Amino acid sequence: GIVSSDLEVFLGFISLILLFPSVVIPLGLFWWICACLTKTIQKLKLRQQEAKLELYNKILISLIVAAIMTCLMIIMQTGVSIIDSDQVWRVWWLFTAFWFMVF
């Protein structure tokens, strides 16, 4: 009926609002860490410390890949939740496993 439909729309809206901080907080942390790593990499280039420079570049690339994968997973999680709310339980374990691996 109308009441259950309105409730579903309201709960969907609330879930999107609650999902927003889960996007902003990790991306903010990734940005902050990447900014600090970039400064460290610049210092290492000036000091010509090649071994440390290579290590820090690999860490920076890993964090960038993790940030991109996080964005894609959040988009996919939101899409699955909105489009097929009755079948979410079938794929929710993938999301749980992804977040466990990332964090």
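A search of the whole structure finds 2 aromatic pairs, where rings of Phe, Tyr and Trp (its six-membered ring) pair if their centres lie within 6.5 Å, and planes under 30 degrees apart count as stacked, over 60 as edge-to-face and the rest as tilted. This is a predicted model, in which local features need pLDDT of at least 70 and side-chain atom pairs count only at pLDDT 80 or more, while totals for chains, interfaces and linings use all residues. Residues are numbered from 1 along each chain as its sequence is written, and side-chain values use heavy atoms, without hydrogens and water.

Select Trp92 and Phe95 to begin. Both lie in helix H3, 3 residues apart, about one turn of the helix (helices are DSSP runs, H or I, of at least four residues, numbered from the N terminus). Trp92 is partly exposed, with a relative accessible area of 32%, whereas Phe95, at 1%, counts as buried; buried means under 20% relative accessible area, exposed over 50% and partly exposed in between, with a 1.4 Å probe and protein chains only.

Next, select Phe98 and Trp99, whose ring centres are 5.0 Å apart with planes at 70°, so this pair is edge-to-face. Phe98 counts as buried at 9% relative accessibility.

Now select the whole of H3, residues 88-102. Its buried residues are Val88, Phe95, Phe98 and Trp99, and they lie on the same side of H3 because they cover an arc of only 95° around the axis, the arc being that of the directions from the helix axis to the C-beta atoms. Turn to the other side of H3, and you will find Arg90, Trp93, Phe100 and Met101 exposed.

Key
Helices (H or I, at least four residues) and strands (E, at least two) are DSSP runs, numbered from the N terminus.
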